[in-house]
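Please read the points below beside the sequence and the model. They are arranged by topic.

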Amino acid sequence: MAERSTERNLDGTTTEYFDVPPAEEAYRELVRVLFEDHWSAIDFGPCLQGAVFELRFASKPRVGYLDGYLTIGPDEPGAWHFHLCVGAHKGTKARPTPPELARWRQCARAAFYCDRDAEGRSRSWGLRLWNGRNEQMMTVFFPNPWLDQERMKPVKEPDWSRLALWMDLRARFAGVPAEPAPVDDPRRPRMCG
């Protein structure tokens, strides 16, 4: 069963975390499953105070692995891509990576999360990864019952079936069984802090 924690945010909202047990194999498989099997359902990118990047692939990306790094991007020369350190990173014989730097770069924590507005209504679901210095590496945004996926606009009635992917992967990687959909509240959650 995943470790659960709740963080109170400065704007009165809360974030509940469900940690994935820390293991290179689990992190590598989780990211592979996301980008090979569910790439069309997710948005991803850095999500820091003051900057949120919501990126999405237009076609199935290629996922490679070398020296602790997953490389994910379109399978076309010169296309943009990203690298994510989830495993042991050694560098090359000519330029070995110092162990302290390797620990800093490597994913040290992954957790599924649910953000709630100040009244406690669930408003977004995702996954976050942090490096060895507790700096956020990436956020994955899962389908949101309160948003029209095509237009990314709020909807009047939530589609709770959109939580299936988040619940399935959270059960598989964090050991948290799927829960019933939240009780319908006629009031939509506040989507921004």
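1. Helices (H or I, at least four residues) and strands (E, at least two) are DSSP runs, numbered from the N terminus. This is a predicted model, in which local features need pLDDT of at least 70 and side-chain atom pairs count only at pLDDT 80 or more, while totals for chains, interfaces and linings use all residues. Residues are numbered from 1 along each chain as its sequence is written, and side-chain values use heavy atoms, with hydrogens and water left out.

2. Glutamate 54 sits in the loop between E5 and E6. The relative accessibility of glutamate 54 is 48%, so this residue counts as partly exposed; the classes are buried for under 20% relative accessible area, exposed for over 50%, and partly exposed in between (1.4 Å probe, protein chains only). Apart from neighbours within four places in sequence, glutamate 54 is in contact with Asp43, Phe44, Phe141 and Met152, where contact means heavy atoms within 4.5 Å. From glutamate 54 to proline 143 the separation is 89 residues in sequence and 12 Å in space, C-alpha to C-alpha.

3. Leucine 55 lies in the loop between strand E5 (51-52) and strand E6 (62-66). Its relative accessible area is 34%, so leucine 55 is partly exposed. On the surface, Phe53, Leu55 and Trp80 form a nonpolar patch with about 290 Å² of accessible area together. Patches are made of residues with over 30% relative accessible area and no salt bridge; like charges are joined within 9 Å and nonpolar side chains (Val, Leu, Ile, Met, Phe, Trp, Tyr) within 5 Å. Accessible areas come from the Shrake-Rupley method with a 1.4 Å probe, and for residues only the protein chains shown count as cover.

4. For the chain as a whole, there are three helices and 13 strands. The radius of gyration is 17 Å, close to the 16 Å that the globule rule gives for 193 residues, so the protein chain is as compact as a globular protein of that length. The radius is taken over C-alpha atoms, and the rule is 2.2 Å times the number of residues to the power 0.38. The C-alpha trace spans about 60 × 35 × 35 Å along its principal axes.

5. Of the 193 residues in the protein chain, 43% are buried. The accessible surface of the chain is about 11,100 Å², and 53% of this belongs to carbon and sulfur atoms. Among contacts between residues at least 6 apart in sequence, 48% join residues at least 24 apart.

6. How many salt bridges are there? The count is 14, a salt bridge being a side-chain nitrogen of Lys or Arg within 4 Å of a carboxyl oxygen of Asp or Glu. One of them joins arginine 4 to glutamate 179, with the closest N and O atoms 3.3 Å apart. This pair links distant parts of the chain, 175 residues apart: arginine 4 is in strand E1 (residues 4-8) and glutamate 179 in the segment after helix H3 (164-174). Arginine 4 is partly exposed at 46% relative accessibility, as is glutamate 179 at 36%.

7. Glutamate 179 also forms a salt bridge with arginine 170, the closest N and O atoms being 3.4 Å apart. Arginine 170 is buried, with a relative accessible area of 0%. A network of salt bridges links Arg4, Glu16, Arg116, Arg170 and Glu179.

8. Arginine 62 and aspartate 75 form a salt bridge at 3.4 Å, N to O. The two are 13 residues apart, with arginine 62 in strand E6 and aspartate 75 in the loop between strand E7 (69-73) and strand E8 (82-85). Arginine 62 is partly exposed at 42% relative accessible area, whereas aspartate 75 is exposed at 62%.

9. The whole structure holds 12 aromatic pairs. Rings of Phe, Tyr and Trp (its six-membered ring) pair if their centres lie within 6.5 Å; planes under 30 degrees apart count as stacked, over 60 as edge-to-face and the rest as tilted. Phenylalanine 18 and tryptophan 166 make an edge-to-face pair, 5.9 Å centre to centre with 75 degrees between the planes. Phenylalanine 18 is in strand E2 (residues 14-19) and tryptophan 166 in helix H3, 148 residues apart. Both phenylalanine 18 and tryptophan 166 are buried.

10. The ring centres of phenylalanine 35 and phenylalanine 57 are 6.1 Å apart and their planes are at 85 degrees, so this pair is edge-to-face. Phenylalanine 35 is in helix H1 (residues 24-37) and phenylalanine 57 in the loop between E5 and E6, 22 residues apart. Phenylalanine 35 is buried at 0% relative accessibility, and phenylalanine 57 is buried at 6%. Phe35, Phe44, Phe57, Trp80 and Phe82 form one aromatic cluster.
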